[in-house]
Amino acid sequence: MLRLFLSLVLAVSFFGSFSAKAETELWGDYSGVTLRVKLIGGGQYEGLYNEVIPWWEENTGGKIEIVTQKNHFELDKEIKKDIASGNLDFCVASNHTSFASQYGNIYTDLNNIMPASVLADYTPLILEHSTVDGRLVQMPRHSDVSNLYYQKSLYEDADNKANFKAKYGYDLTPPETWDQVKDQAIFFSNPPDFYGTQYVGKEEAIAGRFYELVIANGGALFDEDYRPIFNSAAGVEALQWFIDLYNAKAVPDGVLNYLWDDTGLGFASGTIAMNLDWAGWAGFFNDPENSKVAGDIGLVRAPMGSGGLRTGWSGSHSFSMTESCPDKEAAASFLWALTSNKAQMIEARGGLSPTRPAIWDAIIAEKKAEGDEFMLMVFETFKMSLAEDAFTPPLIPEWIEFTNVLYPELQAAILGDKSPEDALATASKKATEIMEDAGYF
Amino acid sequence: MRKFLNGPWVLLMPTLIILTCVVLLPLLLSLWTSFTPFKLTKPDTLYRFVGFRNYERLIGDIDFWIAFGRTVLFLAIALNLELVFGLGIALLINKITYGQRTLRTLMMFPMMFSPILVGFQWKYIFNDNIGLMNNFLREFGVIQPIPWLVDGILANTSIMAAEIWSSTSVFAILLLAGLLGIPKDPIEAAKVDGCNSWQVFKNITLPFLMPFVFIAMTIRSLDVARAYDIVQMMTGGGPAKRTELLWTLISRTGYVDAKMGMANAMSYISIFLSIAFTFFFFYKLVEARQRLSYE
Amino acid sequence: MNKKQINNILIWFSAIVLIILIMTPGLWVVLTAFRPQVDVMAKPAVWIPRNLNLIQFETMLFGGSEGSMGRSPIPVLSYLRNSLIISFTSTFIAVLVGTIGGYGFARHNFKHKNKYFLLIMLTRTIPGISLSLPIFIIFSKIGLIDTHIGIILVFVALNIPFTIWLTDGFFRQIPRAMSEVAMTDGCTKLQAFWHIELPLSRSGIASAGIFAFLISWNEYALVSNLARSTDSKTLTVGLMDFTAQFTINWPGMCALAVFIIIPALILTFMVQKHLVTGLTFGGVKG
C-alpha cells in the first residue's frame, strides 16, 4: 500500500463566537509538487478556489495547476473523452454523486488514503452516498436538496384566505402535500402575469423531479434487479401532477425549456407564488438588488407525496483523486483542504449546505449571533430535510443515460402528445433495454 | 521521377496527405467503432466487434428515423428559403449602384456570427418570458406570451429563422457575384426586342445564374452540419423531441450517454445523407455549366 | 415624379427595410453588451437604453466586483491571441496548399479527374461530430491536444476543398499561352506561375481566404474538443466561459461576442472588393 506520512494536527477552529469540534487537519511538506486539477467553474463555485488554493500552497509549498475549469456538463464530456483516450494526466477533479458512478475506476478509493480521523469529520450518510461499489471515490464539498420557497404575503392576505377556504374547503397555509401545492398553484395563478409555481422541464432536471415524486408517492423507479417499475400507479400519479399544472396554466408556458436558472430567476422576478428550489438560491432571493420578493419569503420543507414521504432528491458536489495520480499524498492533503472546515464555512456563508456536522453548528450559531432570521430559517430547514428526507438517485453508471430516455417521454405526456400511461410504457421499455445492455439481468 | 514531378500528383500531394491524416484516418477509426459497442467510459469495448448490431438496431429505431426525416425536411425547406431570400437580396443590391460596397458589407454581417453565438442569440430572441420577439409583440397588444420554443411548429420555425438569418448571406453574396458577371449585351438586346423585365429575368438572367445557384447549394450542403450548434443551443432537440435533428441525437448519444459506437453508426447514415445532397447539386452544377458553354 | 424616380425610391426603401431586418438581430447582441443586466432581463422591455456602460467589459477583463462572489476575469487576451494565430496560420496554409492543388487540377488532365475532385469536396461534408472523437483520440496519442498545431491542422483540412474549387476555376480562365510565352522568354515554370498566373487569380485567392478565415474564426464544435486551456482556447470556445452550471451570463457573453465580431468585420470589409470578383470567375467556368 501507499506509504503515507501524514502530519495529523489536531487543532481547534473558531468560527465567530462558536468554537467547533476539533478538526483533523492534513498538512505536509509538498515543496516541488505540482498538482494538476480539473475544476467545475462558474461564479458560485470559484470563490472557494480563490481562497483555498493560495492557503494550501502557502502551508504545504506545493503548487496547484488548474488544467480546466468549466461547467459540470462540459467537464463530464471532457473526462469521458479522457477516459476513452487513456489520457488521465491530472490528479484531482470536481465530481458529483450523481455522475461519479459513470467513471468506472479511474478514481482512487479514498478509504485507503484518507485517515479515518479525517473521514470522521464528515456526515456519515453523505460519505455513504459518495461510495460506489464499496469504494469511496469522492470527498463531499456541499450537499444539495430542494425545499419549497413561497411568497409570504400571499398567505397572509385575508381575501386569499377566505376565497381559498370557500373554494377548496381547507385553510390556506403553506402546503404540506403536493396535492395542496397543485390546488394553491392553480388558485394563485393569473396567467400570463402571475403563476402559482413552475418546474424545470427538461433533461436530468425534470427526470429527477419526477423521480422524487414517484418515491414520495410510495413508488420506485427500479426493483432490486434494476428492472424499471415506474410505470405504476405512483408513476402515473406523479406524471399527472406535472400535466395538471401545465394544463391549468398554473406554470409558465415555456416551462419545458426551463432549467435551474429559469426557475430561480422566475421566483426572484416576483411572478411565481411557490418555488421548489435549492439552498444556494436563498441568499439571491432575499437580496433586494436581485430579487423583487426579498423580505417576503417563506420556506417550508418539501411537501409530501401520496405515499406520505417528502420529496428529497439530493446529491453532493465533490472532489475526486485519480488512480493515476503520482502524488497521492499531496492530493489527499489538497482534497482535505478543499472540503475542510475553513472551506465549508466559506461556502456555507454563501448559503450552501455543508457536509460536516461541525459546520452546520457553526453556521447556525453565526447566523443566530448576527440576528439574520431569514438565513437561520434557511439553514435550519435544509439541515432537517438533509437529515430526514434526502435520498440520492440510483447510484448506477446508467443514470444519466436513463434520464435521457425518460425526459422526452415525460415532456410528450405533459404536452398532450401521449397519455401518461403510454409515455411511461415507452420510457420503461427503453430503460429495460439500457439495463439489459448493461448486464443487470 | 521526372514524370512524377511534372505531373499533377506532386501538386495534389500536400492536399492528399493532409486530408488523409485529418479526415480519412479518423473516419476509418469511427467506421470501426460503429461495429463495436464502444462506450467512452469503457475503453476496452473498442476492441469488441459486434458486426452490424448497431446498424440493425438503428433500422428498427423509430426515433432515429423520425429525426432523420425531420433533418431532410428541415434542410430542404431551409436551403430553398435561403436560396429564394438570397436571390431577392442579390437582385435588389444589384440594382443599387451608389453605396453598393457598403451595402454588401452590411449584408454579410450575419456571417461574422459564430453558429454557437447565433444559437444563444436566437434562444434569447425567442425566449417566452423576456425575449425580444414577445416583448415586441407585447407593444402591439399581444399580452399572452407566445411559447416559441415549445410548440412543435413554432419551435421548428424559430430554429429555421435563426438558420436562415445566419446563412442567407452566403447565398446572397454568391448570387450577387453571379449577377455582376452577367454580360450586359444580351439584356440590352432583349429589351430592344421588346421583352419585359420578367421575360428578361426568366430567359437570360436565370439560366446564367443557375450554375451559381448550384454552387451555392453545393457549398451550403457541404456545410449544413453547422446548424448543429444553433439547434443545440436553442432547444437541444426538445421539448419532447419536437426539434430533434440527427446532429443533436448523435451528440447526445455519443457524448452524454457515452455510446460512441452507436453514435458513429448514426453518423455514417447521416454522412450518406450529406453525400447524396452534395452529389445531386454537384451534378446539376456540371450540367448547368455545360449548357451555358454550349450557348 | 417619373416612373424611374418612383422605381428608385421603391428600391431604396426595400433596401433599407432589408438592411434593418438583417442587422437588428446582430446589433441587438452588440447593444446588450453595453446595457446593465437589469435592463436586459426587464419585463416589460426597456426599449430605449436608459444608460449604457462598460461594466460587462470591465468584469470580463479584470474580474467581478463585490457581490459577484469572486468572478474571475476571462482571459480574453489569450483567447484573442490564440484565435488570431490559429485563424491566420490555418488560412495561410489552407490557401497555399489549396492553390497549389487547384493549379494541379486546372493545368493537368488525368484519369478520373472529376471523381477525385468530387471526392476532395466530399471530405467537407462529414459532420464535425463524427470526426471530433477519432481526431481527439489520434491527437491525444501524438500529443496534439490543446496545441495550436493540432487545431490549425484540422482547420487546414476543413478549408482546403473550397480553396481548390475557387482557384481551380480561376486558373482555367488564364490562357495557357500566357505562361508558355513567359517560359519561352526564359522563365522557369515556377517563375511563370509566380509572376503571371498567381497575380491574375488574386481575387479568387482572396475570396477563398476570407471564407477560410471566417470558418476558422467562428468554428466551435471541433475546437471545443481539441482546446482545453488558455494555451489554445479560441474566442468562440471562450463564449462557454459565461455558462455556469445552470446559468448563462448573457450580457457578458455579448461583450465577448463584440470581440469576435469586430476583427472579422474589419477583415471582410478590407477584402470585400476581391470577394465578389473572386466568386464571379472562380465558380462559373469550372
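**Contacts, domains and packing in a predicted model**

Good morning. I begin with two chains of the model: their contact takes 74 residues from chain B and 70 residues from chain C, where two residues are in contact if their C-beta atoms, placed from the backbone, lie within 7 Å. On the side of chain B, the largest share, 13 residues, comes from helix α2 (residues 9-33) of chain B; helices (H or I, at least four residues) and strands (E, at least two) are DSSP runs, numbered from the N terminus. By class, the side of chain B that touches chain C has 51 nonpolar, 17 polar and six charged residues. Here Ala, Val, Leu, Ile, Met, Phe, Trp, Tyr, Cys and Pro count as nonpolar, Asp, Glu, Lys and Arg as charged, and the others, Gly among them, as polar.

A word on the source. This is a predicted model, in which local features need pLDDT of at least 70, side-chain atom pairs count only at pLDDT 80 or more, and totals for chains, interfaces and linings use all residues. Residues are numbered from 1 along each chain as its sequence is written, while chains are lettered from A and ligands numbered from 1 in the order in which they are written.

I turn to chain C. It is divided into domain 1 (3-54) and domain 2 (76-284), with bounds from an automatic or database domain assignment. The centres of these two domains, taken over C-alpha atoms, are separated by 32 Å. Seven residues of domain 1 of chain C are in contact with six residues of domain 2 of chain C. On the domain 1 side, α1 (3-33) and α2 (37-40) of chain C are the elements that give two or more residues, and α1(C) supplies the largest share, four residues.

Next, chain A. An open sheet of three strands has the order β12-β11-β13 (chain A), with antiparallel pairing; two strands pair if DSSP finds at least two bridges between them. Why is one side of β12 (274-278) and of β13 (297-300) of chain A left without a neighbour in the sheet? Both stand at the edges, each with a single partner strand. Strand β11 (residues 146-151) of chain A pairs with β12(A) over five bridges, and A:S146 has A:W278 as its bridge partner in β12(A).

Finally, chain B. Helix α11 (residues 227-234) and helix α12 (residues 246-256) of chain B pack at an angle of about 75 degrees, with their axes 9 Å apart. Axes are lines fitted to C-alpha atoms, for helices over the stretch in contact, and angles run from 0 to 180 degrees between N-to-C directions. α11(B) is therefore roughly perpendicular to α12(B), a term for angles of 65 to 115 degrees. The contact involves B:Y228, B:V231 and B:Q232 of α11(B) and B:W247, B:T248 and B:S251 of α12(B).

Technical notes: Parallel < 35°, antiparallel > 145°, perpendicular 65-115°, else oblique.
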